[in-house]
Amino acid sequence: MLAVPRWFAVFALAAFASAQARLTPETLAQLRRVGELALSPDGRHLLYTVRTPDLAQNRSAAVAWLLPTAAGSAAIELGAGAAPNWRSATAYAVMAGGKLLIRSLQTDEVQELALPAGAGNVAWSPDGANVSFTQAVAVEPPVTAAHPDLPKANARAYDRLLVRHWDTWSDGTYSHLFVQPVAGGAPRDLMAGERVHTPLPPFGGGEQIAWSPDGQELCYTARRVPYPEASTDSSLWAVPAAGGPARNLTPGMPGYDQDPSYSPDGRWIAFGSMARPGFEADKLRLMLHERATGKNVELLPDFDASAHELRWTADGKRLFFTVETAGTTQVYTTTIAAPKATPVTSGQHALSGLQVAPDGQTLYALRATMLRPNEVVRIDVASGAITPLSDHNGPVFAGLELPTCEAEWFPATDGKQVHSWILKPPGFDPAKRHPFVLFCQGGPQSMVGQAFSFRWNFHLMAAKGYVVAAVNRRGLPGFGQAWNDQISRDWGGQAMRDLLSVTDAMQARPYVDKRRSAAVGASFGGFSVYWLMGNGGDRFAAMISHCGVFNLESMYLATEELFFVDWDLGGPYWKSPEVAAGYQKHSPHRYVQNWRTPLLVIHGEKDFRVPYDQGLQAFTAAQVQGVPSRLLVFPDEGHWVLQAQNGLLWQREFFGWLERWCGEGKAK
């Protein structure tokens, strides 16, 4: 039986007075977000959370759900709580009200465990006697501490780089790993005094920390290097749970090493590793660390894809993992004795949150598509069959007329084929001419996959009447590492030609109205929009760039993770005449004299990856030349728009700009 929330009737009736409505920004903003899947050790119960947006309060609230895995079982709403995890097969815990609430499945007993403010990434030792967590620790005093006679002074001072990261200024605190006995006692800081983070900010989470099966040590991911802004050299570190020196398990491996996972017998630690230093988008190799010998070996050296979410079977003989492939994310498996990457699933979806049942024959995961957000599913390993187990947004989608989404391949200028997702509006009529949106992906190396975004939502674009081409241009994973690598130091090259090849092919179709075409994108996608503004001719009637890179030279000096620009752009623009020539050739600001297309520039003031002056420069260039343009700034957002009301405003402005220049009245 599918888990259907009890609020569905009221919500569905309020949102849809009539059947076969279309998705709107307001409906999108109210969809439930299913996540944080956790399987009990005996495989009999699943925990997960459902986040419900509250537009009026400008936040979301998480509710924990319990789903028995026995056939025909229904999910049970447990109440407010996030980050669900299992202490044992019969006791689970959630974070609520700043406390860890431990509940028994067999009784009504609730135990509260007080953790320090800001504790996160909670995990239990195998015997349930200890809990680990991470917490920000003040290691470096602020400059104001040296001037106690100036209590109202507000300043920051730095003597080295990485002064800010993504959306946060460095404040002298570092995320450390702690262990706390459940029976009582103070938490132990296993990284006391160190200027080191675990997990790696800003994207790392609990997957970067693991307990050994005997509960005697923890393995965590950290980057102990002199210049972290210029290095991807993270390592796996093992530390006694009782405290003591940490030892490096991956010495001499200069790329990202991350996400440790102990085999049940304790012999191995599986982990992901990138071989090339400084390249954040290298292939993530599936590695095994043999604890007895300290030897690290690559398990699948001939597999031309990255392995994510490494999960052991209970007998320690097999691993499951997820793989990005051809615009989808699938589950693969391999044995340890006879390594070979074998697909378990197929289909037009993205699978994540992988959980392995004790018998190794059943998996649980979250499944999303471009048309539907995550829901819980069961996967039969032998057949690959996928069975839905939850349907929290089902009542909403039951009243929606859906777009179509199909994969197509287009010829590129170099004779290769470019994969794209083509979405068409609900009730698509091929006899009519429809407005067209080219979606330019960011990253640069981030696959356009079957996922459901609450910002760049292809379902919503199609519901608004647009034919959408979401292009897996050069420089994206899921199509082999060589395809992924091709974008580095060639930002304005083949990747842009791929976008134009798909655009030209789509605009030649009788159902696409070339005169009502737009190009949109964020980050590197925003760079792509600025590049096409100056190099795309008259193909587009409107452009939207969100947090886009505009001026490569100023970008180098203002961004924070220098390893990214060192790899992808070749280093600072003064490094050599060849590097300087690359900056001049590929920087969009060199082509502003060709700008004619109306441009919407969106940027967050707290975006430190692509600082907001990039957007200001682009807007100024458009305004000075009399190009119709609009600047939308979010003072309290970074590289993404995360707050509920900001997100809805974003959607309204986004589609307002498209309608202004690509609406029906704009056809000439």
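Predicted model: local features only at pLDDT ≥ 70, side-chain atom pairs only at ≥ 80, totals over all residues.
1. Now look at who sits beside S16. Strand S15 is joined to S16 by three bridges and runs antiparallel, with Ala210 opposite Cys219. The two make a hairpin with five residues between them, and Gly215 in that turn has a positive phi of about 70°. Strand S17 (residues 235-240) also pairs with S16 in the antiparallel sense, over six bridges. Here Cys219 turns up again, standing opposite Ala238.

2. Is Phe203 buried or exposed? Phe203 counts as exposed, because its relative accessibility is 55% and the cut-off for exposed is over 50%. You'll find Phe203 in the loop between strand S14 (188-189) and strand S15 (209-211). Together with Trp640 and Leu642, Phe203 makes a nonpolar surface patch of about 380 Å².

3. Next, an open sheet of eight strands, with mixed pairing, in the order S31-S32-S34-S33-S35-S36-S37-S38. Strands S31 (404-411) and S38 (629-634) are at the edges with a single partner strand each, so one side of each has no neighbour in the sheet. Neighbouring strands are turned by 20° against each other on average, direction ignored.

4. Eight bridges join S31 to its antiparallel partner S32 (residues 417-424), and Glu408 stands opposite Ser420 there. Helix H6 (residues 494-507) lies across S31, S32, S33, S34 and S35, running at about 165° to S33.

Notes:
Residues numbered from 1 in each chain as written. Heavy atoms only, no water. Pairing = 2+ DSSP bridges. Helix = DSSP H or I, 4+ residues; strand = E, 2+ residues; numbered from the N terminus. Axes fitted to C-alpha atoms, helices over the stretch in contact; angles between N-to-C directions. Contact = heavy atoms within 4.5 Å. Patch = residues over 30% accessible without salt bridge, like charges linked within 9 Å, V, L, I, M, F, W, Y side chains within 5 Å. Areas by Shrake-Rupley, 256 points an atom, 1.4 Å probe, with all protein chains shown as cover. Salt bridge = Lys/Arg side-chain N within 4 Å of Asp/Glu carboxyl O. Buried < 20%, exposed > 50% of the residue type's maximum accessible area, 1.4 Å probe, protein only.
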